[in-house]
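I open the notebook with the model on screen. The entries below follow the order of my look-ups.

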Amino acid sequence: RNLLDMDTFSKSDPVVVLFVQGSGSSEWKEFGRTEVIDNTLNPDFVRKFVLDYYFEEKQNLRFDVYNVDSKSCSILKQDFLGQAFVALGEVIGSQRGRLERALTGVPGKRCGTILLLAEELSNCRDIVTMQLCANKLDKKDFFGKSDPFLVFYRSNEDGTFTICHKTEVVKNTLNPVWQPFTIPVRALCNGDYDRTVKIDVYDWDRDGSHDFIGEFATSYRELSRAQSQFTVYEVLNPRKKCKKKKYVNSGTVTLLSFSVESEFTFVDYIRGGTQLNFTVAIDFTASNGMPSQPTSLHYASPYQLSAYALALKAVGEIIQDYDSDKLFPAYGFGAKLPPDGKISHQFPLNNNADNPSCAGIEGVLESYLQSLRTVQLYGPTNFAPVINQVAGAAAQVTDGSQYHVLLIITDGVISDMLQTKEAIVTASALPMSIIIVGVGPAEFEAMEELDGDEVRVSSRGRYAERDIVQFVPFRDYVDDSGNQVLSMARLAKDVLAEIPEQLLSYMKTRDIKPRRADP
């Protein structure tokens, strides 16, 4: 709208060029161009850009607008009319998937605006239900048989793999039959029916060092053939295959059933007005070390952020695109507070008990650094109070218009495990998810127990309704070359990957339909 007029005897002939930025990269690559529309300052372009959308990634886009004046294909030979920077999540998170941005970049001139509209392609709506069993898997346990489970991975454009599903563990058998499970087609193959789906077979071990039994590869198209026939896959262990001449396989996996239906997607709810409310809780226990010392996990040098600040920025900068007011409650736990030294497990970082919200992620970081200067690090490490605090807020609005995400950043061993399990079981019936990021070198075995991927969290005989906890150790994502942007991108990708499915599982169990976006 209202573009600059660069032509003397007529109006500009605009074209828009879209550039994308790889995850954790600063390099811009041209993705595509619209058609050229002659002689107008208010063009409506017809050509669409089809992008893969990942909630868990910061997908930066740049729209450059040019006036086409010569027949050269080189865009640099055309007149520059302005540009706009935006994250794909901002467009999807804006009202009705419609975002207007001012164009900038021509000094001293008003460049007009660009209007962006996003809609989801229909093949992303399909959801698959399948059931698998295995036969004659390798025996991995000394006393007894294996405890097998499957891990599904979808392949990415760059040849890497992203985990998209884990089955439950079937104990003490070489011939397991797993429960049927459902998974969206977009999670399995991102709508590309021929994209590789890799499946690993593991033997579960209590200490988390699961033994690899073998693997096989397939695709959505191949899996879908099981609608009319059983499909049997050989499970192969590449290392065994190399070592043993007579090696045949490590067992077989059979796809027993496969069915497809369409259902509502995460984007349907966001476009219908569902807001993600982000809350942060930061560990202020003494085991982190004195914040003024370089060995402390809270130490921030002039040159780089602490692990706490990195984790907060990585997750917060993506979630904030889906929260219209950009106000985030932020708490600390495990510190002695001035003036009387009282220990608190949910003190507001901004020191305002009536309104613990901070303005934007930068506001949270500011309040966190201020708290480090005023409170005394102490202990113990209690999670339950802050989980219950957010659960209380989530319980007030359960109609699907609000969904809460609590980020807990901690350095270690949890002190109130029983109370935390009880809090998680209660929270699993509410519109909320919990992300736990472990920083520092500690062993985080207890956290794996809270992340109910393999065994659902339970308390006093009650099981969690849904799996709402995602735990990751920050050290697994630190880039060896010290590239903090890449570390943050990797962390966000893994911790946020489960949020869309967790939100959908809540909506589905409550039979909440997305609100219709106004036309």
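**Loop prolines.** I began with Pro339, which sits in the loop between strand 17 (335-337) and strand 18 (342-344). Helices and strands here are DSSP runs numbered from the N terminus (H or I, at least four residues, for a helix; E, at least two, for a strand). Pro338 and Pro339 are joined by a cis peptide bond, with omega about 0°. I found another cis bond between Gly379 and Pro380, where omega is about -5°. Pro380 belongs to the loop between strand 21 (376-377) and helix 8 (384-396).

**Ground rules.** I note that this is a predicted model, in which local features need pLDDT of at least 70 and side-chain atom pairs count only at pLDDT 80 or more, while totals for chains, interfaces and linings use all residues. Residues are numbered from 1 along each chain as its sequence is written, and side-chain values use heavy atoms, with hydrogens and water left out.

Most residues other than glycine have a negative phi, and most peptide bonds are trans. Asn172 lies in the loop between strand 9 (161-166) and strand 10 (181-184). Its relative accessible area is 47%, hence partly exposed; the classes are buried under 20%, exposed over 50% and partly exposed in between (1.4 Å probe, protein chains only). Asn351 also has a positive phi, about 65°. I place Asn351 in the loop between strand 19 (347-348) and strand 20 (357-359), and at 72% relative accessible area Asn351 is exposed.

**Asn352.** Asn352 is in the loop between strand 19 and strand 20 and is partly exposed, at 32%. What does the side chain of Asn352 reach with a polar atom? The backbone nitrogen of Asp354 lies 3.1 Å from such an atom, and the backbone nitrogen of Asn355 also lies 3.1 Å from one. I use the polar contact rule: N or O atoms within 3.5 Å, one able to donate a hydrogen and the other to accept it within protein, with residues adjacent in sequence counted only if both atoms are side-chain atoms.

**Helix 6.** I moved to helix 6 (residues 307-319), whose 13 residues reach 19 Å from first C-alpha to last, close to the 18 Å expected. The expected span is 1.5 Å times one less than the number of residues. Helix 6 is mostly covered, with 12 of its 13 residues buried. Its buried residues pack against strand 15 (275-283), helix 7 (360-374), strand 22 (402-410), strand 23 (432-438) and helix 11 (484-496); contact means heavy atoms within 4.5 Å.

**Helix 7.** The 15 residues of helix 7 should span 21 Å, and the end C-alpha atoms are 22 Å apart, which agrees. Its buried residues include Gly360, Ile361 and Leu372. I list their packing partners as strand 15, helix 6, strand 16 (327-333), strand 19 and strand 20.

**Salt bridges.** The structure holds 23 salt bridges, each a side-chain nitrogen of Lys or Arg within 4 Å of a carboxyl oxygen of Asp or Glu. Glu317 and Lys313 form one at 3.0 Å, N to O. They are four residues apart in helix 6, so about one helical turn separates them. Glu317 is partly exposed at 25%, while Lys313 is buried at 16%. Asp399 pairs with Arg515, closest N and O atoms 3.1 Å apart. This pair links distant parts of the chain, 116 residues apart: Asp399 in the loop between helix 8 and strand 22, Arg515 in the segment after helix 12 (499-509). Arg510 and Glu465 meet at 3.3 Å, N to O. They are 45 residues apart, Arg510 in the segment after helix 12 and Glu465 in the loop between strand 25 and strand 26. I also noted a salt-bridge network of Asp52, Asp192 and Arg195.

**Asp467.** Asp467 lies in the loop between strand 25 (462-463) and strand 26 (469-473). The Asp467 side chain reaches the backbone nitrogen of Val469 at 3.5 Å.
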